[in-house]
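Let's take a walk through this one together, starting with the overall layout and ending at a few single residues. Keep the viewer open as you read.

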Amino acid sequence: MIPDVNIAGKYSMQFPYFERIQKYLDQTLLQYAQKNLYAYSSRIKKVDSICEKIESGRYDSWSDIDDFVGSIIIIPNLA
């Protein structure tokens, strides 16, 4: 998919903020995960994924998107 120029531009401008958010999440959640021996991962959504969200109609506009950065903690549950 070729990203929309407007969306790609906004993404590029906002990317440093996404990195700061990811860094903050990693500092906070990784400590928790390591302390409890849980697996942890985080990522910044790719511009293609953001374009798809808008172009598919799942989100009406850039300002409606609420998940530019995602993280996960995997908690084992043997039950």
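This is a predicted model: local features need pLDDT of at least 70, side-chain atom pairs count only at pLDDT 80 or more; totals for chains, interfaces and linings use all residues.

The protein chain has two helices and two strands, and reading from the N terminus they come in the order α-β-α-β. The radius of gyration is 15 Å, whereas the globule rule gives 12 Å for 79 residues, so the chain is more spread out than a compact globule. If you box up the C-alpha atoms along the principal axes, you get roughly 45 × 30 × 20 Å.

Now for the surface and the contacts. Buried residues account for 24% of the 79 in the chain. As for how the chain meets itself, take the contacts with a separation of 6 or more: 66% of them join residues 24 or more positions apart.

Next, the inside. The largest nonpolar core has 13 residues, and those touching the most other members are Ile 7, Tyr 11, Phe 18, Ile 50, Trp 62, Ile 65 and Phe 68. Helices H1 and H2 (47–55) each put in at least two residues, with H2 giving the most, at four. Tyr 11 is a handy one to click on: leaving aside residues up to four places away in sequence, it touches Phe 18, Ile 44, Lys 45, Lys 46, Val 47, Ile 50 and Trp 62.

Is Leu 37 buried or exposed? The cut-off for exposed is over 50% relative accessible area, and Leu 37 has 76% relative accessibility, so it counts as exposed.

Ser 42 sits in strand E1, which covers residues 39–44. Which side chains does the Ser 42 side chain make polar contacts with? One is that of Gln 22, at 3.0 Å, and another is that of Asp 26, at 2.7 Å. Setting aside residues up to four places away in sequence, Ser 42 touches Gln 22 and Asp 26 along with Gly 70 and Ser 71.

Terms used:
Residues are numbered from 1 along each chain as its sequence is written. Side-chain values use heavy atoms; hydrogens and water are left out. A polar contact is a pair of N or O atoms within 3.5 Å; within protein, one must be able to donate a hydrogen and the other to accept it, and residues adjacent in sequence count only if both atoms are side-chain atoms. Contact means heavy atoms within 4.5 Å. Buried means under 20% relative accessible area, exposed over 50%, partly exposed in between (1.4 Å probe, protein chains only). A nonpolar core is a set of buried Ala, Val, Leu, Ile, Met, Phe, Trp, Tyr and Cys residues joined through side-chain atoms within 4.5 Å. The radius of gyration is taken over C-alpha atoms; the globule rule is 2.2 Å times the number of residues to the power 0.38.
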